[in-house]
Amino acid sequence: MSSLFYIVVYLGTAVIFISSCVCIYARRFLRKTSKLEFFYIYPLIILLQSGTACLYVIYSPYSPRVAITIEKFFFTIDLFFWIFFYHLIINNKSKLMQFFLVCNSVLFVLLISVINLLESSAYFGVGISNIGKCLFCLAYFYDLLKSTPTRILRNEPVFLISLGLFFSAALNAPIFITIAYLATITDKLLTLCLFSITNLSVIVMHLFFIKAQLCVRQLHRT
Amino acid sequence: MRTTTSQNIVLFIVLCTILILLLVIFIAWIIYRYQQKQNSYFKNIEEIKAAHENTLLQSQIEMQENTFQNISKEIHDNIGQKLALAKLLLNTLPYNHAEKVPAQVDASVGILGQVVSELSALSRSMSNEIVLENGIIKAIEAELVQLKKAGAYDVNFEITGDTIFLDVNRELVLFRVIQEGIHNIIKHAEASVINISMQYNENSLTLVIADNGKGFQVKQANNLGTGIKNIKKRIQLLNGTCLINSVHNNGTTIHIEIPYV
């Protein structure tokens, strides 16, 4: 099981690396006025994530606190990125939607800040940030269903990005929220299974990101 | 211990599978709802297009009928009357007074000559050959030359911008609009000056037909005059806009703007 876990980790690293390269490649096909431009900061976030993961692995045996702080810093940046992204992408100007977005943003920023201060581990905070991402994705889907249906969804980059993010966040949220508790009552094997699932969901998310970037290129060609 | 671990793993796999299935069902439901909405939207668009095309077709048929009516009226009122008069003159030739016959024959020949001219002018005005062969500008110039020959009007034609050749059908419709405009001025305006200008813009053509006639109530003309209606319907066919300004005793201006495609 642990070897399967490491296979998933290596596969995930490879997929994330390919996703960053495709993202950088597809950037040139994007129209200058496209709202999707903000998404191209994501390769930097991925680099940050990789760096964070490496630092976590290095520091965790010596100074677990530093490692956890680095982890908390990363997922906070990650959440801020998605909050800004969805504020740009969602077109709906209705008061209800604006109120929902602003409230959600403020709520989750405050929640994450409090959790980072109070919690000793990073997992609960990651779980909560995943719930936040789910809510923003749901807001986007709601906006999509309310807007004029002229887009072809299988070629719509923002839809594919949101689909991948929603799938990953919805799957990871319950795992990360309960992992600290589950780790105390189950053995290491099950914990590895749980982390394998989270890694697999991240792989699926990045596969959707790769497809979204290829659609950007295809839209440019048409 | 092993049994507990195995049970936990089985429970974990079941829960994960259920969660993944729920997520997939939710995503599929969003896609299905969007697809339904899209199908309904495109169906509405098709219906609106079909209704619009139907309206345009009705307009075209109406314009054709109006044209036939105008021709019928022209033939009956002018040409028919003159031919009847020529026939009467020839039928009542005074053979008993041979000296009066040449004068009456000459009068009949004169009337028949007028009929031939009018038929020729009618045929020329209905023909689209000049537009097809020489383009709209030459066609307008030829039309204005005929108008100047009558001597009743001071006619000015101005072109600005680089000439762009439109689709021949669009040019034809535009030419009929100008003919209709000139016809209205002759029939109703009591004008002495007719100004026609064509401005070729980047994406559209601006056509202005102006006169110094007596003017008219634009709202009344909308309800009664087929000439104005014909102009507006033709411009609608070209996806253009038509504005008519008229001031009492201060002339009328028809401002038309049509896109190139």
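Is Glu118(B) buried, partly exposed or exposed? I am working from a predicted model. I looked up the residue and found 22% relative accessibility, so Glu118(B) counts as partly exposed.

**Entry: salt bridges**

I stayed with Glu118(B) and checked its partner. Glu118(B) forms a salt bridge with Lys82(B), with the closest N and O atoms 2.4 Å apart. Glu118(B) sits in helix H2 (residues 101-126) of chain B and Lys82(B) in helix H1 of chain B, so the pair ties together parts 36 residues apart in sequence.

Next I took Glu190(B). Its side chain meets that of Lys214(B) in a salt bridge, 3.5 Å from N to O. This pair also links distant parts of the chain, 24 residues apart. Glu190(B) is in the loop between helix H4 (168-189) and strand E2 (193-200) of chain B. Lys214(B) is in the loop between strand E3 (204-211) and helix H5 (218-224) of chain B. I noted Glu190(B) as exposed, because its relative accessibility is 65%. Lys214(B) is partly exposed, at 34%.

In chain A I looked up Glu156(A) and Arg151(A). They form a salt bridge with the closest N and O atoms 3.9 Å apart. Glu156(A) has 14% relative accessibility, so I count it as buried. Arg151(A), at 22%, counts as partly exposed.

**Entry: the contact between the chains**

How many salt bridges are there between chain B and chain A? The count is zero. The two chains bury about 2100 Å² between them, and 83% of that is on carbon and sulfur atoms. Chain B gives 18 residues to the contact and chain A gives 26.

**Entry: cores**

I then went to the largest nonpolar core, which has 73 residues. Among the residues with the most contacts inside it are Leu36(A), Phe39(A), Trp82(A) and Tyr140(A). Helix H1 (2-91) of chain B supplies at least two of its residues, as do H1 to H7 of chain A. H6(A) gives the largest share, 14 residues.

Leaving aside residues up to four places away in sequence, Phe39(A) touches Cys23(A), Phe81(A), Trp82(A), Phe85(A), Ile161(A), Phe209(A) and Gln213(A). A second, separate core has 36 residues, including Ile137(B) and Ile258(B).

**Entry: helix H6 of chain A**

I checked the length of H6(A), residues 157-185. At 1.5 Å a residue, its 29 residues should span 42 Å, and the end C-alpha atoms are 42 Å apart, which agrees. I also looked for a bend: H6(A) bends by about 55° at Ile179(A).

Definitions and conventions. Residues numbered from 1 in each chain as written. Chains lettered and ligands numbered in written order. Predicted model: local features only at pLDDT ≥ 70, side-chain atom pairs only at ≥ 80, totals over all residues. Heavy atoms only, no water. Helix = DSSP H or I, 4+ residues; strand = E, 2+ residues; numbered from the N terminus. Expected span 1.5 Å × (residues − 1). Bend = angle between axes of the 7 residues up to and from the residue. Core = buried A, V, L, I, M, F, W, Y, C linked by side-chain atoms within 4.5 Å. Buried < 20%, exposed > 50% of the residue type's maximum accessible area, 1.4 Å probe, protein only. Contact = heavy atoms within 4.5 Å. Buried area = accessible area lost by both parts, 1.4 Å probe. Salt bridge = Lys/Arg side-chain N within 4 Å of Asp/Glu carboxyl O.
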